[in-house]
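Me: Could you walk me through how this fold is put together, with the cut-offs spelled out?

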Amino acid sequence: MKPVILITGATRGIGLAAAKQLVARGAQVIIGSRDGKRAAEAAAQVGGGTTGVALDITDQASVDAAARQITQQFGRLDVLANNSAILLDHYQSLLDLKPEVLLETLNTNVVGTLRVSQAFVPLLGKSSAPRIINVSSGAGSLNGGSQAWAPAYCISKAAVNMLTQQLTAALPDVMVNSMCPGWCRTEMGGSNAPRSPGEGADTLTWLALEAPHSLRGKFVKDRAVIPW
Ligand SMILES: NC(=O)c1ccc[n+]([C@@H]2O[C@H](COP(=O)([O-])OP(=O)(O)OC[C@H]3O[C@@H](n4cnc5c(N)ncnc54)[C@H](OP(=O)(O)O)[C@@H]3O)[C@@H](O)[C@H]2O)c1
């Protein structure tokens with residue numbers, strides 16, 4: 001039976017690259033996007049039976065509708081990849097950071113990730129080996145020293161990592177992990193990044209299909225556990 005995998009924010013970048021890798025490995029992929037038409041176009045581009053779903057992670061009604069659609073179409077979910085995120089404050093100093101920018105960033109990257117996870121827990125419960133992958137970032141690590149870059153984004157990814165730990169405790173039967181794709185050439189990462197989107201997506205694909213289900217509550221990069 002093909003694993004059914006939902007990737008949020010997968011019309012471009014690391015999410016789209018992961019969709020291609022997973023389909024090539026025989027998975028049934030569902031591509032999420034705020035724009036249902038773009039989701040369908042990306043799904044057609046990926047091929048292999050991939051489908052698209054309108055899914056705005058900041059909108060409860062949109063998330064609930066997506067969960068209903070996937071329930072009707074597939075009846076279960078094996079992997080939820082929480083890949084959607086925004087980066088609004090590239091080089092802004094913390095001292096100039098507007099609270100509204102921090103709130104908007106947290107609303108998408110943290111609250112949105114929780115909202116989607118909560119909505120899909122019942123469908124994940126229909127899987128024999130359910131997995132949640134939270135696409136985080138080394139920028140949210142508390143181990144690497146302080147960074148004077150994108151404070152709202154970094155704070156949000158540190159919170160995503162704690163969300164991973166909280167979900168791990170709340171969902172004993174689900175394999176939940178955070179991962180860092182490394183700095184990749186995407187709309188978010190820019191053209192100077194050393195990695196391709198496919199290289200960034202590799203760990204996501206590994207966590208979705210290959211990593212042992214006993215690997216839980218960890219922060220993973222390049223298929224290896226890294227410090228929080
Ligand atoms: N690129 C890097 O160097 C890098 C490094 C470390 C971590 N990451 C992480 O990797 C993940 C993917 O990043 P990327 O570089 O591929 O970024 P990207 O090209 O900017 O793609 C981000 C995706 O997020 C989606 N998105 C934004 N707001 C959304 C919302 N409210 N609801 C649903 N989807 C939303 C967008 O989808 P739609 O516009 O179609 O809705 C878009 O496809 C992110 O979590 C990012 O933080 C990236």
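Reply: What follows covers the sheet and then the helices. This is a predicted model, in which local features need pLDDT of at least 70 and side-chain atom pairs count only at pLDDT 80 or more, while totals for chains, interfaces and linings use all residues. Residues are numbered from 1 along each chain as its sequence is written.

Me: OK, what order do the eight strands take in the sheet?

Reply: The open sheet runs β3-β2-β1-β4-β5-β6-β7-β8 with mixed pairing, where strands are DSSP runs of E, at least two residues, and helices are runs of H or I, at least four, numbered from the N terminus. Two strands pair if DSSP finds at least two bridges between them.

Me: And which strands stand at the edges?

Reply: β3 (51–54) and β8 (224–226) do, each with a single partner strand, so one side of each has no neighbour in the sheet. The twist from one strand to the next averages 30°, angles being taken between N-to-C directions, from 0 to 180 degrees, with axes fitted to C-alpha atoms, for helices over the stretch in contact.

Me: How many bridges join β7 to β8?

Reply: Three, with β7 (residues 219–221) running antiparallel to β8, and Lys 221 stands opposite Ala 224 in β8.

Me: Switching to helices, what does α4 touch on the sheet?

Reply: α4 touches β4 (79–82) and β5 (131–135), and its direction makes about 175° with that of β4; contact requires C-beta atoms, placed from the backbone, within 7 Å. Helix α6 (residues 197–209) lies across β1 (4–7), β4, β5, β6 (175–180) and β7, at about 165° to β5.

Me: How do α4 and α5 pack?

Reply: Helix α4 (residues 99–124) and helix α5 (residues 151–170) pack at about 20°, their axes 9 Å apart. Residues of α4 including Val 101 and Leu 114 meet residues of α5, among them Tyr 153 and Leu 167.

Terms used:
Two residues are in contact if their C-beta atoms, placed from the backbone, lie within 7 Å.
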